Every structure is written in C-alpha cells, then in structure tokens.
Amino acid sequence: MVPGVGHLVLGRRQLGVHLLVYTLIVLGVLGWRWGRFAHAFTTTAVDQWVAALFLVASLVGAVGFSVWDVRRIARRPARPHEGKSPMRIAMRRFRANALAVASVYVILLLYLVAILAPLLAPHDPATIEHVLETRYLAPSWAHLMGTDEFGRDLLSRAIYGARISLSIGLLAMLVAKLIGTTYGAIAGYAGGWVDNVMMRAVDVVIAFPTFYLMLMLVGVFEANILVLVLILGLTAWPGTARFIRGEFLSLKEQEFIESARGIGLPPYRIILKHLIPSALSPVLVSAAFSVAGMIGAEAGLSFLGLGIRPPTPSWGNMVSAGQDALLVAWWVAFFPGALLAAVLISFSLLADGLRDALDPKALMRRYV
Amino acid sequence: MARYILKRLLQSIPLLLGIVTVTFFMIRLAPGDPMGMYLEPQRQRQVDPEVIELIRKRYGLDQPIHVQYVRWIANVVRGDFGESFRHRRPVNRLLAEAIPYTLQLTVLVLLFDALFGIALGIISAVKQYSALDKTVTLSSLIIYAIPGFWLALMLVLVFSVQVNWFPTSQTRSMDYDFLSSGGKVLDRLWHLVLPVFVMGVASAAGTARYMRNRLLEVLNEEYVVAARARGFPERTVIVKHAVRNALIPIVTIYGLSLPFLLGGATIIESIFAWPGMGRLTVEAVGGRDYPIIMATTMMAATLTVLGNLLADVALTVVDPRVSLEGKPRAP
C-alpha cells in the first residue's frame, strides 16, 4: 500500500523511488504545515483550496496508482525483451543526459512550490506593517531572501511570483502551440488557395518583431494576467503554424496517408491520429524553448512596468523594484532574477536534451 | 540582381500594406474612442465638447472608416505619423532624434557579437571537448538563457555600484560640456561600455553556440576531408575551407538582425536611461502614446521585411550554390 514500495520489490526501481520520494515530500509538507492545511478548507480563497486539494489528490493518486500498477505488473507474464519503439529510444537517450534530467527535477520542483504557495510561503506576501523597522532587511534566518522597500518578506513574494510567472509561461505556450498547430494543420492539409491565403496572414504577423508586437498589444489593451497570456500566445503562434503546415504538406503525399484516405478515414482523424503525431517531435522541442521564451517575455514586460503591475508579485516587477535599491539592498533585485535565470536555464537545458534525444540523425551518428 | 531586388520589393508591398492595415485597426480595437489617437482619453473629458468636434473634423474622424483608412495610408507614405501626446511634437522628429542613440548601441553590439561570437565559436568547434570548449558551451548557454535585464543589473551592481569603474546610466556625464573634445569622445565611449557589453555578451553567446554547431557539421563534410587529404596545413583547411562554408547561414542571420538595429535594445535602454528608440517605445506604451507606438511598430515590421530581403540577397552573394530563383546553379 505504501506508494513505491511495491514497485521497488518488483524491481522497478526508478518508478518505485520516485513514488516513494514524492509521497514523503507530500507527507512532509502536510506535517509541517498542518495548521495551514486544515485552515485552507475554511477559507474561500481559491488558491488555498487548490493547494490543499492538490496535496490530497497527490496522496490519493500516489497510493492509488501504486496499487493499480503493481497489480497490473504482477498479472502480466515477464516480458522477453523490451520494445524498441522510437519513444522508448528517445526516453532512454534523454535519461542519459544528466543535465536535462536535473532540469526536469528543478522545473517540477518549482511548479510544485508554485502550486503549494499558500501553504509554503513563510510570511504573507502582501502584509505591510511596521514598515520602518522591517524595510530592506538583509537576508537572515527570519527572512531568507530579505525584505523589500515595504518590509514584505521577499521569499514569500518570490514564491507567489513563481505562480504568476510560471503559469503565464506555461499557459501562453499552450495557447501559442494549440492555435499554431490547428492553423497550420488546416492550412497544410487543405493546400491550394486556402493554404495560400492563410499563409499570407501568417506572413503579416511574422513581419512584426515579437517583442514589438507584444509592446503594441500591451499598449492597446489592458494588461491583466489573462490578457497577458493571450498576448504572449498570439505573438508566437505563427512559427508553429508555418512549421506544421510545411510538415503536413510533405507528409500528405506519403503512402501511409494515402492508404488512410483510401480506407475512408475522415480528414479530422487522419490529421489527429496520423499527421500530427508524425510532426510532433520538433514541436515538443520547440514547446520547451517556447516556455522559456514566454517566461522571459513576461518577465521583461513586467520589468518595464507593462506586464503584471505591483503589488501583484511577478519576478519581473520585483527585479524592477530592486533596481531603485541597488545601492542599499542588492538582494531585492538579485533573488527574483536569479530564480528567473534558474528557470530559464532549466528549460533551455530541457529543450536541448529533448532535441538531442529526439534527433533522428543521432541514430546514425553511432555508426559514423 | 537589380531586377530581382526590384521584384522582391514590389512583392513586399502587399505585406507592407498588411502591416499598415493591422496597425491601423489595432488602434480602433483599443478600448475607447479612436479619438484616443489624437487626444488622450483623460483629457477628452476636460475639453469643451465643441472643441472635440472640431478636432474630430480636423482629423477626419467623422468620416467613414474607409476614408480614414486611405488618409492614414497617405500620411504614412509621406512619413507623417502625427504628433505625440506627451511630447507634443511630431513623431517623426522624435524618431529622428532617438534613432542615432539606438544605433550607437546596436551597431557596436553587432560588431562585438561578430568579433567574439564567431571567434569563440570557431575555437570551440576546433578544439571540441577541450576544457575551453566545455567552458564556452556551458557559459554561453547560461548567459544566453539569463534574462537580459537581470544580467544588466548584476553587472551594474558589480561594476558600477561596488567598484565604480563605469557609470550607471545616461549617455554622458554631468560635466560633459566642460570637457575637451577628446574628453567628450572618451566620455561617450566610457558610457557605452556597460550597455554594449551586456547586450554583446548575450548576443555573442548565442552566436558562438550557433557557429560552433555549424562548424562541427561542416568539419564532417567531404570537402574538408578532401582538403586534408590534399595536404593543406590544418590552418588553411579550417580557415579557408571550413569556416567560410560554416559562415554562410550566419550571414543570413545578420541580415535578419536588421530590425534588431532599431528595436533590440528596449530593455537595456530602459535600464541605462539611454534616450533611444527602445526607451521611447516603452514610455509610449506606458503612457498610451498611440502615435509613437504605431510609428515604431510599423517601422520595426517594415525593417523585418527588408531584413528578410537583405538576408536572401546576401545568401545568394555568399553561397554560389544558391540562385535567386531557388533553383540550384551549376557549380
């Protein structure tokens, strides 16, 4: 019943260790912050409920999955040999890349912290009291990252800021990839004049330099979180659209698609089940790079005062606030930026790892 | 060649038209009255309604939308982007003042990038897996991924605040006017160091990575092996044969960086209070100064289109295998 132990016994060490460690972490957080956890169910704040329910769901999920999977494995006969599907090969190559794997852990950890923010943050990021006594305190045990000009604990603000920055990055990337893939799929599959017209529109959007397009859209529309996600997503979709369209145009002529059409599959099924999976790998790599780009763009906009505005913490606007205090309180600018750098580096390493793992040419390189 | 360029320019016109149209309709989409283009929304309430009507008539806002559209295009073609709200001066004048400052930064950054980025990339590829290569690869990845504004602030912290080697902002010192002319030049250069260094390092990191990968690919090609077999000294093989071929796509990249020349320095300019295009745009966006926003965006987009053209033409010049029409030429 204890998550992970079952897998360890069966010899599936990796899965077992991961499950066990994760469960221990969840239990640890529960124990450490029991008071807040219990209190969360009495408030109406959505984020507290999300954090608390997430912990509960993690626990239930870990136990449930563990039981189910162990049973499933025990039932099956032992496999004579492992399958060598491309996905398996890619996963194995990816796991050999230590930096990439480490990045995955870092990213997952940060997202976990972001979700559990209300439970984990040592202080309230918004409370301002006794400003004169608490402003610009250097990092100490009480305030691990120091305090800002209003006496707010920077670590807590950074944790809440992580939520904003990380979720905007992820959501914006999803928006961009979804719109881009759909648009490109339609254009590529349809071909002909439809494709032509659609690509002209893409050309117009691509002509605007990304950051300038964002600036213009931010200047025209009010910048709250939802609008920001949309703006970031709307500036990035053309790249994916172009790529998918190109892939579809060439894949369309291949035999397996012809035969799919021949047996009467409707277009949407061909697109969803055959064309898109074939074009997927570069899109995955691009998605990883794209998240980094989105997080960076949001940070840049917030830094300039055009994205998320204070007092809502975003790593970008925290660095901006720190700029004024560079002389007296270097930590205000340093820590949020360092976290940003860590996230961006992690996503870059992840994307590099994905690219190397999924690279079809690498298969041949072993024999050269 | 000239005919091709002309043809491409003509082909770009619909695209440019599209850009202008998009920017035109952007402003109509803004919450509020299109009057916001000529008179800030806040001030509209303070002004007498009759005056507002006059302004409307003056700028043709009471006309149907297609008439306004034609007027807009006519103005753009003439270079008249209207007047800035906050500065109360013609936008093109403001642009003309800001552009040289930005160019000072971006041209130097491109030079820095070309010099260090390419050189480091070459060395890195030639001595693959050496300590130098590993250092360059890892550090260029890190520098490339770090948010530019943070890197800038950290460098300012270290080099300006702690050590006071370089000034923290502005283009010139307070006592600029009292310096000798040689002193003035030096002062300008001194102020340029940090901004250029920050942007240049990040940019060079990217170029070095790219150059390294390219050169590694090229070094596996057959003609390199052939050149070695013919007995050329390694230096010649690398420089004359491999590097030249590896540089080809890099030329395209530099062509595509034409819009960077004017728009790439937005954040750095804001940090260093540099009076260039970037800072102008950022302030305009913050202050909802629509004329400037429209003008800079259109300029940036137009430069991108031109940059694409430049990159394509440059590629033809540099790579004899590529013909303008896309058909392979005889070797």
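This is a predicted model: local features need pLDDT of at least 70, side-chain atom pairs count only at pLDDT 80 or more; totals for chains, interfaces and linings use all residues.
Figure 1. Of the 331 residues of chain B, 34% count as buried.

**Figure 2. Helix H1 of chain B and its kink.** H1(B) is made up of 28 residues and reaches 40 Å from its first C-alpha to its last, which is close to the 40 Å expected at 1.5 Å a residue.

**Figure 3. The loop between H12 and H13 of chain B, with Ala273(B).** Ala273(B), found in the loop that lies between H12 and H13 of chain B, has a positive phi of about 50° although it is not a glycine. Most residues other than glycine have a negative phi. Ala273(B) is exposed, because 11 other C-beta atoms lie within 10 Å, and the cut-off for an exposed residue is 12 or fewer.

**Figure 4. The contact between chain A and chain B.** To this contact chain B brings 37 residues and chain A brings 32 residues. On the side of chain B that touches chain A, the elements that give two or more residues are helix H1 (2-29), helix H6 (131-145), helix H7 (148-162), helix H11 (258-263), helix H12 (266-271), helix H13 (277-286) and helix H14 (290-318) of chain B. Sorted by class, that side of chain B has 27 nonpolar, nine polar and one charged residues.

**Figure 5. The largest nonpolar core and the surroundings of Val218(A).** The largest nonpolar core has 164 residues, and those with the most contacts inside it are Met214(A), Val218(A), Leu232(A) and Leu344(A). Helix H16 (residues 330-358) of chain A gives the most to this core, with 18 residues, and the core draws at least three residues from each of domain 1 (5-77) and domain 2 (131-367) of chain A. When its neighbours within four places in sequence are left aside, Val218(A) is in contact with Ala223(A), Ile231(A), Leu301(A) and Leu306(A), and also with Val285(B).

**Figure 6. The two domains of chain A.** Chain A is divided into domain 1 (5-77) and domain 2 (131-367), whose C-alpha centres lie 29 Å apart. The chain has 17 helices and zero strands, and its C-alpha trace spans about 75 × 60 × 45 Å along its principal axes. Of the 368 residues of chain A, 42% count as buried. Among the contacts in chain A between residues at least 6 apart in sequence, 69% join residues at least 24 apart.

**Figure 7. Helix H14 of chain A and the loop between H14 and H15.** Leu284(A) lies in helix H14 of chain A, and its C-alpha atom is separated by 9.5 Å from that of Lys177(A), a residue 107 residues apart along the chain. Leu284(A) is partly exposed, because 15 other C-beta atoms lie within 10 Å, whereas a buried residue needs 20 or more. Pro311(A) lies in the loop between helix H14 (267-303) and helix H15 (315-324) of chain A, and the peptide bond from Pro310(A) to Pro311(A) is cis, with omega near 5°. Most peptide bonds are trans.

Methods. Residues are numbered from 1 along each chain as its sequence is written. Chains are lettered from A and ligands numbered from 1 in the order in which they are written. Two residues are in contact if their C-beta atoms, placed from the backbone, lie within 7 Å. Helices (H or I, at least four residues) and strands (E, at least two) are DSSP runs, numbered from the N terminus. Ala, Val, Leu, Ile, Met, Phe, Trp, Tyr, Cys and Pro count as nonpolar, Asp, Glu, Lys and Arg as charged, and the others, Gly among them, as polar. A nonpolar core is a set of buried Ala, Val, Leu, Ile, Met, Phe, Trp, Tyr and Cys residues joined through C-beta atoms within 7 Å. Domain bounds come from an automatic or database domain assignment. The expected span of a helix is 1.5 Å times one less than its number of residues. The bend at a residue is the angle between axes fitted to the seven residues ending there and the seven starting there.
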